[in-house]
Amino acid sequence: MPREIRKVAVLGAGVMGAGIAAHLANVGIPSYLLDIVPRELTEDEKKKGLTLESPEVRNRFAAQGLDNALKARPAAFYVPESADLITIGNFEDNLDWCGEVDWIIEVIIEKLDIKKSLLEKVEKHWKPGTIVSSNTSGISINAMLEGRSAEFKKHFLGTHFFNPPRYMKLLELIPARETDPEIVKYMKWFGETVLGKGIVMCKDTPNFIGNRIGVFGMLECLRYTTEKGYTVEEVDAITGRPMGRPKSATFRTGDIVGLDTLYHVASNVYDCMPTPEAKKPFEKPPILEEMMKRKWLGDKTKQGFYKVERNPDGSKTILALNLQTMEYVPQVKPDFPSLKAAKKVTDVGERLKMLVSAEDRAGQFVWAMTKKGLLYAASVAQEIADDIFSIDNAMKWGFNWELGPFESWDAIGLQESVSRMTAEGEEVPDWVKDLLESGRTSFYKEESGRKLYYDWKTRSYLPLPTDPRTFVLADIKKSRGIVCGNMDVSLVDLGDGVACLEFHSQAQAIGPGLIEGIYMALEEVAKPGWVGLVVGNQAQNYCVGANLLMVVMYANEGKFDDIAMASRQLQDALMAMKYFPKPVVTAPHSLALGGGCEIVMHGHRVVAAAETYMGCVEFGVGLLPAGGGCKELLLRNMESLPAGGPLPVDPLPAVARAFETIAMAKVATSGPESIKLGYMRPTDRISVSRDFHFHDAKQEVLGMAAAGFRPPKPAKVKVVGEDGRATLLAQTYQLFKGGYISAHDRLIANKIAYVLTGGQAPAGAEVSEQFILDLEREAFVELCREEKSRERMQYMLMNNKPLRN
C-alpha cells in the first residue's frame, strides 16, 4: 500500500485508549497517548510540592492510563518493554503532536458534544492526508463531523475496537458519508495485516453491529430470566459452552465487563433509536436499574451477579445474586437432563439443534433466547449491514460466539424453526420468508467446493469473500485430499511445493502416531518437487506435550525401558527434523507446552502466532524436558554469549538462565516473550493475524529456500561441569532450607542442573547434542521411578493442574 502508518496519536488514556496504544506498541508502532489536564491536585501531589503547572500533574491521567495498561491482566502488552514506544502528554500542551502522526484515533467519553469539540481542536493541528478516526461504540460517525472541513471528512471514519484490544479479534470500520473509499480500503488492510484484526464493515447506525445484537441479547436474557424465575447460575450453565458461547456465559460476562458499561451502551442505543418501537428492546430491565442504583456493577465493585465471600479459614465462596430477593445466596448446581446430554455432543451446531428441541427448562430457555436473537438479527440486518456474514463475523469475533446468528439458524434448521416461530405467533422478516418461498432452505451452502451466502439484494447465493492469505486446512483437505498420513497426522499440500504436517491426535498429544508422522512427512518432502515443510495445525492448541496417561501407565507398571525408548524416539525424530536438508518452519499458536515446545524449537525457523503460550513445563508434573528441550535451551542460551572477544567468557550465566527457565517452568505469554525466554530466536517471526498465520509460515519456507537454505552444522557445547553445577545446587539448597521448595522439587531441580552442566563431563569439555540428549533421557526415566513424580502426574491427569508438594 502506498500509505504507511508509522506513528499514531491516541486521544484518551482510559481502558480502551491505553489498550489501543499498547497493541500498537505490540506491533512496533510508537504512539502519543494524550488525555485531559487535571483540575485539582491529589494529596500525594501536594506532599511532593507539585503544582497544577507541573508536567507530572498535567500528564497524570495519561500516565495512569499507561500504568494501568502495564498492570492489566490479561496483559495488554506482549512484553512490558514495548511500553517504551508510548509517549504520554495532554490535550492542552501536546495536541500539536497530532501534526506529526499518520493516524489520530479519538477514544474519549461517549458524549457527542465533547467528541465534536475535541475534533474541532484536532483539525487545527491536522496534517492533510492524516487519517482520523473515532473508537466510539455507537455514536453516529456522521454527526461527529458536523462543522469539519470537506478534506477532514474525507479522511475520517469509525474504528471500533473491542476490549481488550490485544485479544479481541473484531475491529468494526464505519465509513462516514464522505469518507474516501481509499482510506477505508487502507484501514481494512492495516487492521488485518498489521494489527491482526478481523474487519467487519458497518453502516453508521446506533451501536453498529456487534453491540446492537449483543446488547439486545443481554437485555432480553435479563428480562426472560426474571420473568420466568431462572437463577443466575442456571442461566450461566445454559448460555455458556452448551450454546457455543464463552464459558463466562451471560451473568459472569456482565460482571467482567461491568454493568455500568452495559447500562451506558444500552442507553446510547435507546437514545439514538428513531421510534418508540425501535427503542423498546433497549429499555433497561428493572433488575439492571436496581443494580445500578446499588452500585453492584460487577468485578469493579466486587459484587454484581456474583459476589466472592471470604470464609474464616481464608478460603473463598462465590455467592450468586437471588434476582427475586436481591440477596446473595450459595450457588446451587443446575441439574438439567438436556445439558447433560449436550456434553456428549461435540459439534456446536448439532448441540444447539438438540437443545432448542429439548423440553426441560434449559431447552425452553435456549429456544426462547435463540428465537428472539435470530428474529431480531434478521429484522435489523439490512439496516446495520450489507450482508449476513458481516453480522455473523461480528458476533464471533467480538463476542466469542462459535456460530453467528445466521450460522446458528442454519444449524437448527431454517425451515423447521421458521415454521415453529410462525406457529408461536412470531413475525418473521420478509426477506427471510422470501428466501424460503423461493425454495431455498439455508443462509449458507457449499457448491463445487465454494462456500456461498444468501444475498438479500440480488436474492441469490454469492461466493463468500476470501483472502488468498487465508489458509483453512480443513478446506484444503476437502478439495485436494491429503498427501499421506495416519490417525494422528496428515500431510497437506499448501501449494508452491510447501507441505504442512498437521497434528490431529487427541488434544494434539505426542504419541507413536505423531512421531511416525514426522518421519513420514520428512520422507515425502525429501522427494523432488517439494520445497519445504510447515509444522502446525489449526486446532484449539498447537500441542500440549506428551501423552501423560501413557507415561503414568508405563511408570506404574515398571516399564521404564519403554519410557526410555519413547523418549529416544521423540528425540531422534526431532533431530531428524532439525537437520533436514530442506527448510522446516514450525508454526505454533495458543498452547505449545512441554513436548509441543520441543517440537517448535527443532524447526529451522519459527513463525509463531502472536498469541502463543509456550514453555517447558515438565517440572510441574515432576519431570524434566526429555525430547530435546534441555538441550535446545542450553544451546540457545549459549548462543547469546559474545564470541571472539579478547577475554574468555564465563558460560555459567547462560547455563543458569536455561536452568531457571526449566526449573521454574516458565511459560511465555506471547510470541515476543518466547524470544525473550529463549524458546524462540531473535531471527524467528511473529504472525499477528491468526487468519494469515499459515500464509506467513509458507512464505517463510519459500523465502528460506530461495535464499539457498542449508541445514545448521551439528552443534557442540562446552559444559561447565561439576564446579558450575555446584553453584546451581547451592541455589536449590538455599531455596529448600528456606521452605520455598519441597524435597522433591529440589530433587527435580538437581537433575536438571546435572543435565545442563554436562553430567560427569569435566568443565570445558566439548560435548555433542546427543550427549546432552542422553543425559536428559536418563534423568527423565530416573524421575519416572520416583513415587512423588508419579503422584504429580496422576494429580495433573485428574485435576488438569500441577500438584504443589
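This is a predicted model: local features need pLDDT of at least 70, side-chain atom pairs count only at pLDDT 80 or more; totals for chains, interfaces and linings use all residues.
1. An α-helix has 3.6 residues a turn, so residues three or four places apart point the same way.

2. At its start, Asn 547 places a side-chain oxygen within 3.2 Å of the backbone nitrogen of Leu 549, while just after the helix Gly 558 adopts a positive phi of about 75 degrees.

3. In the loop between strand S18 (532–535) and H25 sits Asn 541, which counts as buried at 17% relative accessibility, the cut-off being under 20%. Its side chain reaches the backbone nitrogen of Leu 591 at 3.2 Å. Leaving aside residues up to four places away in sequence, Asn 541 touches Gln 508, His 589, Ser 590 and Leu 591.

4. On the H28 side the meeting residues are Gly 629, Cys 630, Lys 631, Glu 632, Leu 634 and Leu 635, and on the H34 side they are Glu 769, Ile 772, Leu 773 and Glu 776.

5. Cys 616 belongs to the loop between strand S22 (612–615) and H28, and Cys 616 is buried, with a relative accessible area of 0%. Not counting residues up to four places away in sequence, its contacts include Gly 594, Cys 597, Met 601, Pro 625, Ile 662 and Tyr 679; Gly 629 is also touched by Cys 616, and Gly 629 is one of the H28 residues that meet H34. The C-alpha atoms of Cys 616 and Glu 146, which are 470 residues apart along the chain, are separated by 56 Å.

6. Two residues deserve a check of their backbone angles. Most residues other than glycine have a negative phi, and most peptide bonds are trans. Ser 448, although not a glycine, has a positive phi of about 55 degrees; Ser 448 is placed in the loop between strand S12 (444–447) and strand S13 (450–455), and is exposed, with a relative accessible area of 77%. Ala 665, likewise not a glycine, has a positive phi of about 50 degrees and is placed in the loop between helix H29 (652–663) and strand S23 (667–668). Ala 665 is also among the residues touched by Cys 616.

7. Cis peptide bonds are the last topic. The bond from Arg 73 to Pro 74 is cis, with omega near 5 degrees, and Pro 74 is found in the loop between helix H4 (60–71) and strand S3 (86–90). The bond from Asn 163 to Pro 164 is cis as well, with omega near 0 degrees, and Pro 164 lies in the loop between strand S6 (156–161) and strand S7 (170–175).

Technical notes: Residues are numbered from 1 along each chain as its sequence is written. Side-chain values use heavy atoms; hydrogens and water are left out. A polar contact is a pair of N or O atoms within 3.5 Å; within protein, one must be able to donate a hydrogen and the other to accept it, and residues adjacent in sequence count only if both atoms are side-chain atoms. Helices (H or I, at least four residues) and strands (E, at least two) are DSSP runs, numbered from the N terminus. Contact means heavy atoms within 4.5 Å. Buried means under 20% relative accessible area, exposed over 50%, partly exposed in between (1.4 Å probe, protein chains only).
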